[in-house]
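Hi,

Here is the structure I promised to pass on. Have a look at it first, and then read on for what turned up.

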Amino acid sequence: MSLSEKPLSIALMVWKHLVLGDPFRSQVSKRRPDLSNASWSTEIVFLPDQIRALKDEASSLFRDLPDTLQPDFFLAALEWYRGPCVAVVRLMGEIVGVIYGWEMRFQGSPSGYVFIDDSLELAVASTDKYRASVLKIAASSLLSCRRIGALRMTLARDNPDIGTIREVASAYSMQRFEELRELHPILPLPSSYEAFERTLGSRTRKHIRQYRSYSQNENHCYVRNMDISEFRTAVATLSRRTKFSLPDDEVQRLLRMASEVTSEKRMLAGLRTQEGRWIAVVMGWKELGRGVLVDQFNDERRCAQNNGDETHMKSISMSMLLRSYVIEQLIEEGFQTLWIYGATGGFLTRYTKRLKGVTIYLDRSTILWRAVRAIARFARRHLRKEIADKLEWINPPAGLAMSAMDLKSTTITFLPAVPGTGAESADDMAEVSGRTERSNR
């Protein structure tokens with residue numbers, strides 16, 4: 001440990017003992033949200049075993065919810081540095097809602113910073129009847145919990161839950177503000193694959209047709225619905241052949257997520273050679289009229305070169321090829337959109353629209369939590385970049401005004417879109433621009 005990192009470690013030790021106390025005990029204040037019925041109660045759960053038990057305890061609730069809102073899927077999707085933080089809401093003793101969140105861990109210790117991301121509609125497990133009340137009482141309990149010093153919530157910009165969070169936050173002495181963001185790319189899917197091809201630029205359309213023709217000539221087989229064992233075998237091979245290989249724990253996380261989705265809802269598809277070798281696979285799920293693409297693995301060392309007009313079949317070409325088959329399958333199955341998790345759209349990025357989102361930052365205004373944020377802000381200027389970047393979540397992005405006013409009047413800053421790949425040619429850009437102008441008219 002360098003000299004510049006010792007003050008941070010000392011500060012974290014003091015922080016853990018003074019602010020967090022017992023890391024497995026949540027202390028919730030007696031304040032309740034303003035609900036007309038006093039029969040509501042809530043509990044904040046941090047232990048995975050207690051979260052798994054919710055599925056049996058609230059079987060009537062989870063029976064009608066998608067696989068991606070089940071407790072097992074939530075736990076499977078957690079990364080190693082994220083600890084579960086779940087608000088369980090009861091009405092007359094019966095569980096009517098669960099809010100999934102996770103607590104950032106630093107050097108194995110809880111940080112008191114809780115994140116709730118509902119941009120993919122994976123955070124609120126409740127029926128429409130109780131959703132607003134569940135979110136209201138859960139947010140109030142999270143903000144009252146002594147262990148939690150900051151709450152970060154990300155929602156779609158048109159989500160009515162934003163108003164509920166604003167209402168609850170206004171009752172607390174918090175430092176709070178909002179940030180508008182561009183989130184996941186969304187690709188609209190037309191009624192036929194031929195109609196989809198017509199939306200593409202000329203060069204993109206030409207390349208896709210060339211690669212599909214090559215794949216058919218080489219007798220490649222597109223497997224629509226891979227089972228878990230096939231996917232596990234393929235990923236074990238391809239994860240070592242990608243340009244930017246994923247850590248083993250991230251690969252295992254994807255496998256856990258796929259295992260928690262029923263076979264008809266999984267989006268596990270791949271390409272394999274005539275000899276049975278996997279050359280590309282994609283992972284995601286299908287629900288609510290959409291497909292969600294999470295990750296793709298390609299054999300980037302495989303290169304096929306033909307004479308004439310054919311080009312090398314590089315990794316981007318393999319990605320383009322497999323995704324064209326996935327899109328064709330989704331269209332045939334009647335799905336309307338393809339959501340691309342994060343910014344992994346590749347060639348599709350320029351044909352998508354970005355989901356507009358809002359991140360609401362809520363921070364305790366006590367002296368201790370102000371000191372924590374000040375120490376983190378100071379430390380980031382003196383630590384190595386790879387360590388400093390890990391502390392970015394403690395303080396909001398520079399330039400956002402802190403405010404104790406109602407969030408409706410808080411300064412809002414727009415973040416630029418995550419840059420995708422540019423148009424392949426001026427002709428493609430002109431085609432895309434022309435379609436956009438016609439659609440606007």
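A residue is called buried when its relative accessible area is under 20%. By that cut-off Thr352 is buried, because its relative accessible area is 17%. Please keep in mind that this is a predicted model.

Let me stay with Thr352 for a moment. Thr352 sits in the loop between strand S12 (337-340) and strand S13 (353-364). A polar atom of its side chain is 2.7 Å from the backbone oxygen of Thr349. Leaving aside residues up to four places away in sequence, Thr352 touches Pro185, Ile186, Leu187 and Ile340.

Next, the cores. The largest nonpolar core holds 35 residues, and Ile99 and Leu151 have the most contacts inside it. Helix H6 (residues 131-144) supplies the largest share of this core, with 7 residues. A second, separate core has 33 residues, among them Tyr100, Phe115, Ala379 and Ala388. As for Leu151, its contacts beyond four places in sequence are Val114, Ile116, Leu142, Leu143, Ile360, Tyr361 and Leu362.

Helix H11 (residues 248-259) may also interest you. Its 12 residues reach 17 Å from the first C-alpha to the last, close to the 16 Å expected. The buried residues in H11 are Glu250, Val251, Arg253, Leu254, Leu255, Met257 and Ala258. They pack against helix H5 (71-77), helix H10 (228-238), strand S10 (278-287) and strand S11 (290-298).

Then there are the aromatic pairs: a search of the whole structure finds 9. One of them is Trp40 with Tyr130, an edge-to-face pair at 6.1 Å centre to centre and 75 degrees between the planes. Trp40 belongs to strand S1 (residues 40-45) and Tyr130 to the loop between strand S5 (124-126) and H6, so the pair ties together parts that are 90 residues apart in sequence. Trp40 is buried at 7% relative accessible area, whereas Tyr130 is partly exposed at 23%.

Tyr113 and Trp369 are edge-to-face too, with ring centres 6.0 Å apart and planes at 70 degrees. This pair links distant parts of the chain, with Tyr113 in strand S4 (residues 109-117) and Trp369 in helix H13 (residues 367-380), 256 residues apart. Tyr113 is buried at 0% relative accessibility, and Trp369 is buried at 3%.

Finally, how many disulfides does a search of the whole structure find? The count is 0. The sulfur of Cys85 has its closest cysteine sulfur in Cys145, 6.8 Å away, which is too far for a bond. Cys85 is buried, at 2% relative accessible area, while Cys221 is partly exposed at 34%.

Best wishes

How values were computed:
Residues are numbered from 1 along each chain as its sequence is written. This is a predicted model: local features need pLDDT of at least 70, side-chain atom pairs count only at pLDDT 80 or more; totals for chains, interfaces and linings use all residues. Side-chain values use heavy atoms; hydrogens and water are left out. A nonpolar core is a set of buried Ala, Val, Leu, Ile, Met, Phe, Trp, Tyr and Cys residues joined through side-chain atoms within 4.5 Å. Buried means under 20% relative accessible area, exposed over 50%, partly exposed in between (1.4 Å probe, protein chains only). Helices (H or I, at least four residues) and strands (E, at least two) are DSSP runs, numbered from the N terminus. Contact means heavy atoms within 4.5 Å. A disulfide is a pair of cysteine sulfur atoms within 2.5 Å. The expected span of a helix is 1.5 Å times one less than its number of residues. A polar contact is a pair of N or O atoms within 3.5 Å; within protein, one must be able to donate a hydrogen and the other to accept it, and residues adjacent in sequence count only if both atoms are side-chain atoms. Rings of Phe, Tyr and Trp (its six-membered ring) pair if their centres lie within 6.5 Å; planes under 30 degrees apart count as stacked, over 60 as edge-to-face and the rest as tilted.
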